[in-house]
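Keep the structure open while you read.

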Amino acid sequence: MIIDVCRPRDFLDRTMDRYVRLFPCLSDPARRSSSGLKVALVMLHLVYVGLLFAFDRHLIEEAVTRPWYTASYLLLVVATLIQYFLTSCSSPGYVLDAMRASNEIDIAFRKASKQPASSKNADVVVTIDRNPVGINVQGDLTSWTKMVMDMYPPGTSPRNFTCSYCHVEQPPRTKHCHDCDRCVLQFDHHCVWLGTCIGQGNHCRFWWYIFEETTLCLWTGILFISYLKADIVRAWWNAAIVIMLLITLSIALIFLLLLLLFHSYLVLTNQTTYELVRRRRIFYLRGIPERVFPFSKGVCHNLYDFCCHRSVYQLEPLPSVQALEERSRPYTCSDLLRCRCC
Ligand SMILES: [Zn+2]
Ligand SMILES: [Zn+2]
């Protein structure tokens with residue numbers, strides 16, 4: 001007679017198998033841990049907002065007398081959570097996707113040049129310095145390799161910009177992310193909280209997410225302080241919980257404010273966190289003085305490109321020596337009058 005001993009490990013494995021069968025998208029351990037973090041973050045929001053409404057009866061009364069105030073606050077909570085999920089699900093701009101899009105345009109361009117009547121696939125999804133790929137390239141020059149090579153100074157060895165993991169040629173400002181296992185255009189950093197990379201495709205969304213989260217944190221903190229200051233009788237544990245929540249909220253607010261300021265500075269100077277932190281490790285930035293921002297086109301242009309760039313993938317070639325010299329020139333009074341920084 002065989003006795004089936006149900007060991008806890010087997011039970012766990014069976015439960016996990018069932019769980020993965022129900023949600024096949026969570027079969028990957030990395031995705032699973034990222035989903036766990038997302039659930040934790042949503043719960044954290046719900047706990048703070050829920051406790052605020054549970055403790056502060058005045059806030060519920062205010063929902064009747066001043067409905068717009070409570071509605072605006074709740075709207076901000078929902079908008080922040082939506083922005084969080086939109087950012088975490090957005091693509092940071094993978095090189096392989098850009099390469100595929102570029103090849104599709106290339107094929108469409110070749111077909112169109114042979115059969116002008118069927119040239120309907122002319123959507124520009126990859127641009128280099130605002131020029132559509134395929135307009136200034138002809139014959140064999142339309143390949144991805146050639147296109148990337150043209151973005152570096154003549155004589156640069158392809159070994160310097162070929163990813164040793166993906167084996168693709170990386171345009172300037174690209175970096176391989178070991179968490180995503182892919183090369184990311186205009187790589188900023190890999191965000192553990194969002195479970196995705198922050199790059200060219202979602203940096204703007206990321207900025208808005210930090211902005212909304214900072215505003216929400218600040219507003220929640222103000223509501224908690226007003227509750228503590230209100231002249232009402234409350235139990236000691238009630239006040240202790242609110243003070244504890246307020247302390248954690250203040251720490252989060254300081255962190256978020258610093259992050260928001262830091263990313264605003266990066267946006268205005270057209271830099272990424274990776275370029276700022278690892279400047280000496282990036283071969284094409286090594287000789288450039290620290291105070292020169294090689295990709296900056298002026299504050300207004302940088303801001304416009306960041307918020308309003310229309311193409312999905314925008315590849316930036318390295319600036320010429322003349323452009324770098326111009327950017328490293330010290331500011332004079334006439335420069336300030338002409339708003340050179342803008
Ligand atoms: Zn790579
Ligand atoms: Zn990543």
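The largest nonpolar core in this predicted model has 22 residues, and the members touching the most others are Val-95, Ala-98, Cys-183, Val-184, Leu-185, Phe-187 and Cys-197.

Cys-183 is worth a click. Setting aside residues up to four places away in sequence, Cys-183 touches Tyr-94, Val-95, Cys-163, Cys-166, Val-168, Gln-170, Thr-174, Lys-175 and His-176.

Now stay with H5 for a moment, where Met-99 is found. Met-99 is buried, because 22 other C-beta atoms lie within 10 Å. Beyond its neighbours within four places in sequence, Met-99 is in contact with Trp-144 and Val-168. Thr-145 is 46 residues from Met-99 in sequence, yet the two are 9.5 Å apart in space, C-alpha to C-alpha.

Zooming out, the chain holds twelve helices and seven strands. Of its 342 residues, 20% are buried. Take the contacts between residues at least 6 apart in sequence, and 66% of them join residues at least 24 apart.

On to how the helices pack. Two packed helices are described by the angle between their axes and the distance between the axes. Here are two pairs from this model:

| Helix pair | Angle between axes | Distance between axes |
|---|---|---|
| H4 (residues 67–89) and H7 | about 150 degrees | 9 Å |
| H8 (residues 236–269) and H10 (residues 299–308) | roughly 105 degrees | within 7 Å |

The angle for H4 and H7 is therefore one that makes them roughly antiparallel to each other, and H4 passes H7 in a left-handed crossing. On the H4 side, the contact is made by Tyr-73, Leu-76, Val-77, Ala-79, Thr-80, Gln-83, Tyr-84, Leu-86 and Thr-87. From H7 come Arg-205, Phe-206, Trp-208, Tyr-209, Glu-212, Glu-213, Thr-215, Leu-216 and Trp-219.

H8 and H10, by contrast, are therefore roughly perpendicular to each other. Here Val-267, Leu-268 and Thr-269 of H8 meet Val-299, Asn-302, Leu-303 and Phe-306 of H10.

Next stop is Arg-327, in helix H11 (residues 321–328). Is Arg-327 buried, exposed or partly exposed? A residue needs 20 or more C-beta neighbours to be buried, so Arg-327, with 19 inside 10 Å, counts as partly exposed. Arg-327 touches Val-292 and Ser-296, again not counting residues up to four places away in sequence. Val-292 is 35 residues away along the chain, with 6.4 Å between the two C-alpha atoms.

Last, a look at the backbone. Most residues other than glycine have a negative phi. Arg-173 isn't a glycine, but has a positive phi of about 75 degrees. You'll find Arg-173 in the loop between H6 and strand S3 (175–177), and it counts as buried because it has 26 C-beta neighbours inside 10 Å. Asp-181, also not a glycine, has a positive phi near 60 degrees. This one is in the loop between S3 and S4, and Asp-181 counts as exposed because it has 10 C-beta neighbours inside 10 Å.

Definitions and conventions. Residues numbered from 1 in each chain as written. Chains lettered and ligands numbered in written order. Predicted model: local features only at pLDDT ≥ 70, side-chain atom pairs only at ≥ 80, totals over all residues. Core = buried A, V, L, I, M, F, W, Y, C linked by C-beta atoms within 7 Å. Buried ≥ 20, exposed ≤ 12 C-beta atoms within 10 Å, placed from the backbone. Contact = placed C-beta atoms within 7 Å. Axes fitted to C-alpha atoms, helices over the stretch in contact; angles between N-to-C directions. Helix = DSSP H or I, 4+ residues; strand = E, 2+ residues; numbered from the N terminus. Parallel < 35°, antiparallel > 145°, perpendicular 65-115°, else oblique. Left-handed = near helix turned anticlockwise from the far one by under 90°.
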